[in-house]
Each structure stands twice: as C-alpha cells, then as structure tokens.
Amino acid sequence: MPTFAANQPLPALVVLIGHEPLLVFEAADKLRERARQEGFTDQHRFVMDSRSDWQTVFGVGASGSLFGERQMVEIFLPGGKPGKSGAQAMETIANQCAGQLANDVFTVIKLTGMDRSARETRWAKTLLAAAAVIDLPDVGRAALPKWIAQRLAQQNQHMNNEALQWLSDRVEGNLLAAHQEIQKLALLHPSGEVTLEQCQAAVLNVARYDVFALRDAMLDGDSSRMLRVLWGLKAEGEAPPLVLWAISEDIRTLDRISQSVARGQPLNAALKAQRLFGQREQRARAAYGRVSPARWRRAVAHAHDIDRIIKGLPVPGRLSDAWHEMARLGMSIAASRSG
C-alpha cells in the first residue's frame, strides 16, 4: 500500500482513510489547494453510498472539462461501504489509475468509518494497492491534550496541563466541536496563555460519548472516566440495553478467557480464540491481569440481573434503577486491583 508525501508529484489517485471526519476533510483541503496550484481548476465532488448512481462519477472524467481544464474528482464514501455497484466502480477506478501520475484527471477518494472487515474486501484491497494512501490516525482520549496544544500553538496560544485535561474531558469524542472551541478561544483571548478559568468560561460541554468509550474506560481501570462517560450517555438519552451490551460483551469475553486459561489454555491462544486483536487485545490482556477470575464470574451474573431490571423485573438485592446498577457493575471492574 503506497503512501503519499506532500513533496511527491501528484499521483492519479489518492485515498484518504480516517474515522475522524475533521481530519479527513482537512487533508482533502490541502490536496485541493495543491491541485489548484498545479492547474486542476475544474473540481467536482460526489457523496456516494451503496444506492448511488456511480456512472455519474465516470461521466465527469469521460466528458472532459468544457474549457479543457485539468479536473479534480473527489468522492466521499461515508461508512466505507459502497455496495455492489460501488465496489465495481472502485475497482475500475483503481485499475485505471494504478501506477499513474495525475495528468488530466486527479482523483481523491475519502473513506471514513472503514472497519477491519471492510479493508479485507476485494474492492478495498484493489483500491489501496493502486492508490497513494493517506491513513489518518484517530485522536483518542490519551492523545487529545497534545492535539489541542498543537492546535492552540497554531494560533499562538497555550494552556497548562490542568486546563488541557479539563478541555479534553469536555470535547472527548467530538473532534470537530473541539476544533470549533479552540477557534473560539482565539476570538475571545489574545496570544499567550489561556487560563483554566478563561477556558471554563468560554467552552461549552460538547463531549459526545459513545458506548465504546465506556467499555474502554472500564477495561483500562479508569473509574472516573467510566462514570463520566456513563452519566454522559444517560444525559444524551442513550438506550440502556445498548449501554449494558457494551459493558457486558467484554465482561463475558474476559470471563471466557479466564475460564480457558484456568483449563490450561495459554493466554495468547485464549485471546486469539476470542478474536481480539490490536488495541482490544491490549486492553483485554491488561484487564485480565488486573481482575480476578471470580470477579468476572460475578460480573456476568450482575449483567444478567441488570438485563432483568431493564425489562422491568425486580431483582432481590439490586437497585431498581438500571443506570445505577450499571455504574456499580462498571466500577466493580474498573476499580478492581485484586490481580
């Protein structure tokens, strides 16, 4: 999978991949400006999905520019699933552009939300092999303070670590809103330090929590973040069954791993059997080493009890509020240090 650097000649095809729309569109802006500088002044943009008519994309390149200008074609595929006709179109584009430099047409394909399975499809492998690829990494919670500091530096501002952590908590999971809040600080305050008090007065609480952040905080042993995300999900009106699923899915997985290891299976093999890879494997491995086998067993039973509570059934020894019981369940894992 070739990559693309800013000092290279423009290839015929560039693919932008990332889960953060802000980063994808910022990268596209830079490519667009570069294309204008090199004479690709006739620019066309398409937002496509599995139901789109992909012939409209091919029609642009085939007809040529009305005034003979070089063309830039942008294709945005939210979710990374083009459908059957889109997959065929992607392969056709890849085959036409493979190994070529941009001559009359420069094509940029923006893919957001591609998961592991999507990358293993034939169309994706063909496309990524033929294109110059810009793979944009996610900005997770741990990296967010540094990202904010870099953005502040671009507008000649800075914060101390306490203010950076506070702002990160408020904008976690919503990078576009984080960008907007940082720009707001440039309008409200001059160059130099932005204090915690100034930040608190200016910034809205725009955090957009998701159930996967809740799961990650629980497995990481980050109790305060887990509770913050849980109550954020409740305030945003998230459905309790979905939140319980996020918590209990990994609890059941770790319980199965714990039982397999107890029967003599090596930990690496047990993790692989549960199809855990990458960061999920690292989190599961750390949580397995931190939480006792007996606690995983009790947590599975606790999750079953919460499921009954959500369905309106009383459970002896449990609170009637499913959210509070989910907090207790999550804390039993996050706060565990029993090894």
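Entry 1: I counted Ala, Val, Leu, Ile, Met, Phe, Trp, Tyr, Cys and Pro as nonpolar, Asp, Glu, Lys and Arg as charged, and the others, Gly among them, as polar. On that basis I recorded 19 charged, 16 nonpolar and nine polar residues in the lining of the largest pocket. The model I examined is a predicted one.

**Entry 2: pocket extent and contributors.** I noted a volume of about 1700 Å³ for the largest pocket. Its lining comprises 44 residues, and H19, D138, R215, D216 and Q279 lie nearest the centre. I then listed the elements that give two or more residues to this lining: β1 (13–18), α4 (116–119), α10 (211–220), α12 (240–262) and α14 (278–290). The largest share, five residues, comes from α10.

**Entry 3: aromatic pairs.** I found three aromatic pairs in the structure. In one of them, F40 and F106 are tilted, with 5.9 Å centre to centre and 55° between the planes. I located F40 in the loop between α1 (21–37) and β2 (42–47), and F106 in strand β4 (residues 105–112); the two are 66 residues apart, and the pair links distant parts of the chain. Both F40 and F106 are buried.

I next looked up F212 and W245, which form an edge-to-face pair at 6.2 Å centre to centre, with 85° between the planes. F212 lies in helix α10 and W245 in helix α12, so this pair ties together parts 33 residues apart in sequence. As for accessibility, F212 is partly exposed, at a relative accessible area of 40%. W245 is also partly exposed, at 37%.

Terms used
Residues numbered from 1 in each chain as written. Predicted model: local features only at pLDDT ≥ 70, side-chain atom pairs only at ≥ 80, totals over all residues. Heavy atoms only, no water. 1 Å grid on protein atoms, 1.4 Å probe; cavity = no way out; pocket = protein on both sides within 12 Å on 5 of 7 lines; lining within 4 Å. Points joined across faces, edges and corners; volume = space filled by probe spheres on them. Helix = DSSP H or I, 4+ residues; strand = E, 2+ residues; numbered from the N terminus. Phe/Tyr/Trp six-rings, centres within 6.5 Å; stacked < 30°, edge-to-face > 60°. Buried < 20%, exposed > 50% of the residue type's maximum accessible area, 1.4 Å probe, protein only.
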